[in-house]
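Hi everyone, thanks for having me. Let's look at one structure together, so please bring it up on your screens.

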Amino acid sequence: MIPGSPKALARAVEAFATLPGIGPKSALRLALAILERGEEGARALAQAITGLVEEVRFCRRCGGFSEGELCAICTNPHRDAALVCVVEQPVDVLVMERAQAFSGTYHVLHGRLDPLGGVDASKLRLAELDARVARGVRELILATSATVDGEATAHFLARRYAPSGVRITRLARGVPEGGELEYLDEFTLRRALSERVAWTSDETAAS
Amino acid sequence: MLEDEALLVRRVAWRESSWVVHLFTRAHGRIALVAKGARRLKSPLRGHLEPLHRLHIRWRPGRIGMGVLAAAERHEALLPEARWPEGLAITAAAAMLFPEGTEEGFAALEAALFTCAKAQAPSAYVAGLWTLCSKAGIAAAADACWRCGARHDLVLAEHGLACTRCGTGPSWPEAASRALAGQTAEAKAVELALALLASIFAAQNLRLPKLGG
Ligand SMILES: [Zn+2]
Ligand SMILES: [Zn+2]
């Protein structure tokens, strides 16, 4: 910090700099911008920040973001509770919802198997998933990351729940929408090839 | 610039967008390198720094501190996907048994993953671990019977470890050693083998990585 700058400014810069993507320069810029906005703007910002940690909780059932005991998805009668998409992080639920293509519910593990980093299965939210499967789930969609850890987690889950007779599926991987082959990495390409799907025939009436 | 074949054993987030990666190399022992910017979406290293795969790496060794990874290329997996949970746990065990400064990590982990890949399903984990222990020279350090608790009373019998105090009874040593050889589908034998391995690790002040929940 520049010598002689006010203590409060130095404190704010230090606090901002702990956030991801914020270096000391950006932190100073942010602090100055807030100073410029005046007291009212600063108070609104502070409220938004404290509200974040006070009001956002995790759903007791699925582990996703929630404002109450249960989240808006779990309490929605139009969502299929017997179709469960298993993801790693609460933010993954938001990402899936953005696609507007899923009418089931979610289960957030709050992590993935990472024995190299010291995360074993006991650290994942599995007790709740066990209970949900026992109550009756028709299909589990494994939507963990396409990394070795994510893949291992999917295999672990499949093994754990296969004996219960639930249908287990995995999110497909391959050529992304708008993706030209030239720009695809070899792993994606290899996967797309090995998991190619049968061509569902075009209408033959095109004569 | 150095170049070698490697297996990833640990990956720790470093600063904003980098990894510190710990690798077993075939000819340079265990090394730790900074993989600058590897967590960025556009990084050429992204997708390559994965465990359980044969890697080809190039790096600049550090004059005082850590070296810097210049390039990494991921080749084939050492075991089928269905065995990746076991493979990761075995890799974590290898990271404990072969700390920095040791030379044999690469060969040991490669052999252990190979054993794991070939073993019968329920014994794949214990078989891989056993190979690891043998390569680390601690396979004989099981100094207590997991049945009667006798210490230093274990002898290598024809079919595996036997306890001189109670070993004449049931055929558990043979069952356990079949599991350690990856040749059984018997849950009880795997459980015994796991108990033996846990005692071997405990004797080294290490905790056996858990496979299930
Ligand atoms: Zn919920
Ligand atoms: Zn005994």
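Which residues of α5(A) are buried? This is a predicted model, by the way. The buried ones are Val148(A), Asp149(A), Gly150(A), Glu151(A), Ala152(A), Thr153(A), Ala154(A), Phe156(A), Leu157(A) and Tyr161(A). That is ten of the 14 residues in α5(A), so this helix is mostly covered, with buried meaning under 20% relative accessible area.

At 1.5 Å a residue, the 14 residues of α5(A) should span 20 Å, and the C-alpha atoms at its ends are 20 Å apart, which agrees.

Now find α1(B). Its axis and that of α5(A) come within 8 Å, crossing at roughly 125°. That angle makes α5(A) oblique to α1(B). On the α5(A) side, the residues that meet α1(B) include His155(A), Phe156(A) and Arg159(A). Their partners in α1(B) are Trp84(B), Pro85(B), Glu86(B) and Leu88(B). Sorted by class, this contact has six nonpolar, one polar and four charged residues.

Next, the inside. In soluble globular proteins, nonpolar side chains tend to be buried together. In our model, the largest nonpolar core has 46 residues, and Ile90(B), Leu109(B), Leu129(B) and Leu132(B) touch the most other members. The largest share, nine residues, comes from α1(B).

Zoom in on Leu109(B): beyond its sequence neighbours within four places, its contacts include Leu7(B), Phe24(B), Ile90(B) and Leu132(B). Apart from that core lies another, of 17 residues, among them Leu126(A) and Val166(A).

Terms used:
Residues are numbered from 1 along each chain as its sequence is written. Chains are lettered from A and ligands numbered from 1 in the order in which they are written. This is a predicted model: local features need pLDDT of at least 70, side-chain atom pairs count only at pLDDT 80 or more; totals for chains, interfaces and linings use all residues. Side-chain values use heavy atoms; hydrogens and water are left out. A nonpolar core is a set of buried Ala, Val, Leu, Ile, Met, Phe, Trp, Tyr and Cys residues joined through side-chain atoms within 4.5 Å. Buried means under 20% relative accessible area, exposed over 50%, partly exposed in between (1.4 Å probe, protein chains only). Helices (H or I, at least four residues) and strands (E, at least two) are DSSP runs, numbered from the N terminus. Contact means heavy atoms within 4.5 Å. The expected span of a helix is 1.5 Å times one less than its number of residues. Axes are lines fitted to C-alpha atoms, for helices over the stretch in contact, and angles run from 0 to 180 degrees between N-to-C directions. Angles under 35 degrees count as roughly parallel, over 145 as roughly antiparallel, 65 to 115 as roughly perpendicular and the rest as oblique. Ala, Val, Leu, Ile, Met, Phe, Trp, Tyr, Cys and Pro count as nonpolar, Asp, Glu, Lys and Arg as charged, and the others, Gly among them, as polar.
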